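Good morning, and thank you for coming. I shall speak about helix packing and about charged side chains, and I ask you to keep the structure in view.

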Amino acid sequence: MILPAHEMEELIAEYHANMGGPMSRTRIEHIRATLLGRDSGNIDCPRVLRLGLDFGETNPRAVLNGLLQAAGLLTPEDLRDCVNLPPGPLLCRPMQKPIRRLNVATAAPEKVLRQALLLGLCTAQRFDPDRPVLWTSASLGRGLELYDPRGFYA
């Protein structure tokens, strides 16, 4: 039997929801655990890479464009032919502990360009080798830890 809308509203108004106990019994618990960084056991998700560049006060894109030109490359996409990329997607998260980033002013240009390529293939949560290389202030300024999820999703 289908009730008209006004009768259904009257029927619903008579019932009240009960969460099962008085409000004084509620509690909040903070649970902190992660599978990221585990490289043994039934579920593993080992850390593969740490990425982070220190440009100091210089413009990241200007520095990297100069390094590209010095290497004889035209675009960031050209770096794909020079760098071995991880074979598939990886999970990313911000660096958990402050670590020393690679200093662009003193590091070897090939190391800087490799990290810049990898950062350009990352979002804040995911590395995807099939995505276009995007060098933005946000992507180049990130400090990321990359994890291989294949042991988790196996």
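Predicted model: local features only at pLDDT ≥ 70, side-chain atom pairs only at ≥ 80, totals over all residues.

The crossing of α2 past α3 is left-handed.

Which residues make this contact? From α2 come Leu64, Leu67 and Leu68, and they meet Pro109, Val112, Leu113 and Ala116 of α3. By class, the contact of α2 with α3 comprises 7 nonpolar residues, with no polar and no charged ones.

Asn65 has a relative accessible area of 37%, so it is classed as partly exposed. Asn65 and Pro76 are separated by 11 residues in sequence, and their C-alpha atoms are 8.4 Å apart in space.

I turn now to the charged side chains. Side chains of opposite charge can pair when their charged atoms come close. How many salt bridges does the structure hold? There are 4, and I shall describe some of them.

Glu145 and Arg50 meet through their side chains in a salt bridge, at 3.2 Å from N to O. This pair links distant parts of the chain, with Glu145 in strand β5 (residues 143-147) and Arg50 in strand β1 (residues 47-54), 95 residues apart. Is Glu145 buried or exposed? Its relative accessibility is 3%, and Glu145 therefore counts as buried. Arg50, at 33%, counts as partly exposed.

Glu145 also forms a salt bridge with Arg93, at 3.4 Å from N to O. Here too the pair links distant parts of the chain: Arg93 belongs to strand β2 (residues 90-94) and is 52 residues from Glu145.

A further salt bridge pairs Arg126 with Asp128, whose closest N and O atoms are 3.3 Å apart. Arg126 is partly exposed at 40% relative accessibility, whereas Asp128 is buried at 18%.

Technical notes: Residues numbered from 1 in each chain as written. Heavy atoms only, no water. Buried < 20%, exposed > 50% of the residue type's maximum accessible area, 1.4 Å probe, protein only. Helix = DSSP H or I, 4+ residues; strand = E, 2+ residues; numbered from the N terminus. Left-handed = near helix turned anticlockwise from the far one by under 90°. Contact = heavy atoms within 4.5 Å. Nonpolar A, V, L, I, M, F, W, Y, C, P; charged D, E, K, R; others polar.
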